[in-house]
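Please look over the chain below before reading on.

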Amino acid sequence: MMDELVAVGTELMRGINADAVLRQLRAESSMTVSALAKKVGLSRQAVTRSLVALEAEGLVEFSAPERDTTKVGRPAQRVRFRAEAGCVLGLSISPQDVRVAVSDLAGAILTTETVQLDPGTSGAEGVETLVTTVQRATANADIWFATVGAPGIVDLDAQVIKLIPSMPGLAGDIVVRRLSEVLTCPVYLDNDVKLATQGERWRGAQRREDSVVMIHWGERVGAGIVLQGDLYRGASNDSGDIGFLDLLAGETSTNPDGLGPFENWVGADEIVRLAKLTTFEEVLDAYADGHPVAVSAIETVAGRFAKGVAAIRSILDPQLVVIGGPMARCGEPLLEAIRGHLEHQALNQPPLAVSALGDDAVVYGALHHCLAEIERTRFERVRSSIRRAAARGPLPAEAPPAAIPEGEAHG
């Protein structure tokens, strides 16, 4: 029994070693094996074993040794992560548009495309637009994984949208089903705000706080919650659905479009009504120009929105609240208005910021999820390769794999 436990522990450590090696290589353009071993704090033999398995998966590549006539000994050989080995696909669909982004395995963006949707576009029509955009953007790409974000409540296990008032035609499995028909890779579906929160922390303004609430504010109002560095989903994967906050005692009303009480109070429809203009875009443009009716309307909803921030603060006490979605276009003046309404709260209020990624936060979060999934799934095969190599015995001290010369003199 003890031998079995030791074997399991050894296999786990070898998998962890491969993880550390690949993560370090992804952060560098190339490294010598010796430098890599020093950087990750492992023996050269442990790094070598991991590199052999990673090379078999096509994830790393060894370059020819660079000879330096001024130094004695065998020249150092370099190894690099093959970011070009494959691509990942980040997608989003909303009532306003569909967005597609393709990146390499290091997260460098290769292709992006956005297609605006006409008002009143049905869910089925939106999916077909997404599918044709994907086909166009990925025509010459080797896609390893795809992640799509959509509004609404998503059942992660079943990969279906359970509730989506803003685009009811997307309910069910239509998104994953149609994408799976045109892609040969795995397709994963998640809530758009949760993906946007991950994207903001990954590629936004370097959000590294351990507790963050990112609020999407537009027609719908929802939040992504990060606690102790991890995305918090709740028991039903709908934590942060703050549009259904009911802060008006005795004034609760139903909305035929499925909007929650808080969304009714601060959302796009209410802003348009207060401003007495025609469209939400018109209000945002007028606010940017300092038009009094737009400024007055958004000042009013900022006071209401501040009550939601105060409620979030009293429960979660986050280090930061980030505002995304269409209202983020209002920028610092909107934040100042909200801060003004929070000044007299008894509790210290969290700092406020606007999203650095704007409408692209969802696709960045989707790409981030894809890369994490590739690490998880591809590493399983890497770990298996390492276990098989280990079963054949340790690497001979003087007979390393041909791809990696032993005894580097420098580097």
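What follows describes a helix pair and then a single arginine in a predicted model.

Helix H3 covers residues 44-56, and its 13 residues, at 1.5 Å a residue, should span 18 Å, which agrees with the 18 Å that separates its end C-alpha atoms. Among the residues of H3 that are buried are Arg44, Val47, Thr48, Arg49, Ser50, Leu51, Ala53 and Leu54. Just after H3, Gly58 adopts a positive phi of about 75°.

Helix H2, residues 33-40, packs against H3 at an angle of about 110°, and the axes of the two helices lie 9 Å apart. Because angles of 65 to 115 degrees count as roughly perpendicular, H2 and H3 are therefore described as roughly perpendicular to each other. The residues that make this contact are set out by helix in the table.

| Helix | Residues in the contact |
|---|---|
| H2 | Val33, Ser34, Leu36, Ala37 and Val40 |
| H3 | Arg44, Val47, Thr48 and Leu51 |

Sorted by class, the contact of H2 with H3 holds 6 nonpolar, 2 polar and 1 charged residues. Arg44, Val47, Thr48 and Leu51, which H3 brings to the contact, are also listed as buried in H3.

Elsewhere, Arg178 is placed in helix H5, residues 174-182. With a relative accessible area of 17%, Arg178 is buried, because that value is under 20%. The side chain of Arg178 is joined to that of Glu128 by a polar contact of 2.8 Å. Leaving aside residues up to four places away in sequence, Arg178 touches Val127, Glu128 and Val131.

Key
Residues numbered from 1 in each chain as written. Predicted model: local features only at pLDDT ≥ 70, side-chain atom pairs only at ≥ 80, totals over all residues. Heavy atoms only, no water. Helix = DSSP H or I, 4+ residues; strand = E, 2+ residues; numbered from the N terminus. Expected span 1.5 Å × (residues − 1). Buried < 20%, exposed > 50% of the residue type's maximum accessible area, 1.4 Å probe, protein only. Axes fitted to C-alpha atoms, helices over the stretch in contact; angles between N-to-C directions. Parallel < 35°, antiparallel > 145°, perpendicular 65-115°, else oblique. Contact = heavy atoms within 4.5 Å. Nonpolar A, V, L, I, M, F, W, Y, C, P; charged D, E, K, R; others polar. Polar contact = N/O pair within 3.5 Å; in protein donor to acceptor, adjacent residues only side chain to side chain.
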